[in-house]
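Below are some notes for a colleague who is opening this structure for the first time. They are numbered so that each can be checked against the model.

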Amino acid sequence: MPLLKSLSARKNDLSKPENQLAFLSNGIFKEGELPFFKDKIAKTGNYPLKPKKLEILQLNLGYMCNQVCSHCHVDAGPDRKEIMTKETMQQCLEVIKTTKAHTLDLTGGAPEMNPNFRWFVEEASKAGIKDFIVRSNLTIILANKKYHDLPEFFKKYNVHVVSSLPFYKKEKTDKQRGNGVFDKSIKALQMLNAVGYAQPDTELKLDLVYNPAGAFLPTNQQALEQDFKTALKEDFNIDFDNLFAITNLPISRFLEFLIASENYEDYMYALVEAYNPAAVESVMCTNTISVSWDGWLYDCDFNQMLELKVDSKVQHISDYNEDLLNNREIRISQHCYGCTAGAGSSCQGTVA
Amino acid sequence: MAKTYYNPDDLRKFGKITEWSEDLGNKFFDYYGKVFEEGALSAREKSLIALAVSHVVKCPYCIDAYTKDGLQRGITKEEMMEAVHAGAAIESGATLVHGVQMMNKYDKLSM
């Protein structure tokens, strides 16, 4: 069922990253039933995990969101007040001007809720980054009058919109993301199509993100994409470009769900059994730097939520140095099995 | 020993059957894996057949496995339940068609 409040607002033990990390290292892992991630990747010659060429700079503009999705790894919601300040944004802009990354990826929460979002997009777009992504939850476009023109705004700056839609049916989507989310998401997608997104005569890109609505792994991304395309076209005349299938990582609210529904052990077994060394080769943390709302640097968005800062002398955007950062070792724990299962998982979908 | 015949955790240990008969076990799992690949029937269709058969043979492990498999493949609950009905219809039909045998016997014995 969708939640009303974040773990943080509920003062749940799992709102503390150290408790999540302890949980993920105890039980079936401590007792030796399943191998620690470090040992698993060592066996396939992937330890220590090191960065490759930096491709994606991902900025989290804040944990505030108009939704409280039951699987959210950010523990985002209307009750979260952590928002990137203009000062930190300015520090990010300096980095964007010089980075070798070809993709800038804005995420949240709902990044559009940051009061300086539009200014930041306008400024960042001047840097000429090849692929400028905004991760939009779609419903924000209809949440308030002031957001209704977001499709036009995205179009103006040639923003690549990546949107979450857990399923092409109402019931599953609403169960995970809240009542009414599906209808609003459909309306928002139609608005994006109407201004030219995913239309043959434009280059405006609209991708969807699928993540399983429960304690199971995603199936073949291409097969799902075909199912989504057929259903959304037939039922709502909606077009989109690509579907990214993302595995839910066992942290934050999804971890809470796994424990409460007594699915945790089965889920971890499934992730470990599906371990794919080919996915490790291209795992997201090897080509991404994630920046938190307060400017700290992480190997990925998940490590950000677990407060595992990069293992480097450079840990903050104000000291950013790409060459130094590229020499670091990537920090890992058992949640990383989520990115190496099956065809792998990243913010850009499967990797192997 | 467990106090029940079925333990959900045993499903995870299915692969261990090879430990006591490696050659036969491996042959079975190779065959099993091949059967469920894409072929003249899609893997999705075969998943639904497997779900229906799981119910007919009343295998709790198989029901767990193919419900999860269906969810992963984006198979809807309506499709899953229809598959179960297809299995149930054949199973009840198999019982009922023996009614003809009963009728035949009844007629033969009766004056």
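1. Read from the N terminus, the elements of chain B run α-α-α-α. The count is 4 helices and 0 strands. The radius of gyration of chain B is 19 Å, well over the 13 Å that the globule rule gives for 111 residues, so chain B is more spread out than a compact globule. Taken along the principal axes, the C-alpha atoms of chain B fill a box of roughly 60 × 35 × 30 Å. Please keep in mind throughout that this is a predicted model.

2. For residues 23-101 of chain B, UniProt gives the feature "domain: Carboxymuconolactone decarboxylase-like", from an unreviewed entry. In the model this span is 82% helix and 0% strand.

3. Chain A has 15 helices and 8 strands. Its radius of gyration is 19 Å, close to the 20 Å that the globule rule gives for 352 residues, so chain A is as compact as a globular protein of that length. Along the principal axes, the C-alpha trace of chain A spans about 55 × 45 × 40 Å.

4. In what order do the strands of the open sheet in chain A lie? The order is S6-S5-S4-S3-S2-S1-S7-S8, a sheet of 8 strands with mixed pairing. Strand S6 (243-245) and strand S8 (297-298) of chain A are the edge strands, and each pairs on one side only. Helix H9 (residues 221-236) of chain A packs on this sheet and touches strand S5 (206-210) and S6 of chain A. The direction of H9 makes about 135° with that of S6(A).

5. One strand pair of the sheet can be described in detail. Strands of a sheet pair through backbone hydrogen bonds, either parallel or antiparallel. Here strand S1 (residues 56-60) and strand S2 (residues 103-107) of chain A pair in the parallel sense, over 5 bridges. Leu57(A) has Leu104(A) as its bridge partner in S2(A).

6. Helix H7 (residues 170-177) and helix H8 (residues 181-194) of chain A pack with their axes 8 Å apart, at an angle of about 110°. That angle makes H7(A) roughly perpendicular to H8(A). On the H7(A) side the contact is made by Lys170(A), Thr173(A), Asp174(A) and Arg177(A), and on the H8(A) side by Val181(A), Phe182(A) and Ser185(A). By class, the contact has 2 nonpolar, 2 polar and 3 charged residues.

7. Some backbone features in the loops of chain A deserve a check. The peptide bond from Tyr47(A) to Pro48(A) is cis, with omega near -5°, and Pro48(A) is in the loop between helix H2 (37-43) and S1 of chain A. The bond from Gly108(A) to Gly109(A) is also cis, with omega near 20°. Gly109(A) lies in the loop between S2 and helix H4 (117-125) of chain A. Asn158(A), a residue other than glycine, has a positive phi, near 50°. Its place is the loop between helix H6 (150-156) and strand S4 (160-164) of chain A.

8. How many residues does each chain give to the contact between chains A and B? Chain A gives 10 residues and chain B gives 7 residues. On the side of chain A that touches chain B, the residues divide into 6 nonpolar, 2 polar and 2 charged.

Technical notes. Residues numbered from 1 in each chain as written. Chains lettered and ligands numbered in written order. Predicted model: local features only at pLDDT ≥ 70, side-chain atom pairs only at ≥ 80, totals over all residues. Contact = placed C-beta atoms within 7 Å. Nonpolar A, V, L, I, M, F, W, Y, C, P; charged D, E, K, R; others polar. Pairing = 2+ DSSP bridges. Helix = DSSP H or I, 4+ residues; strand = E, 2+ residues; numbered from the N terminus. Axes fitted to C-alpha atoms, helices over the stretch in contact; angles between N-to-C directions. UniProt positions renumbered as here; feature names shortened; annotations may be inferred. Parallel < 35°, antiparallel > 145°, perpendicular 65-115°, else oblique. Rg over C-alpha atoms; globule rule 2.2 N^0.38 Å.
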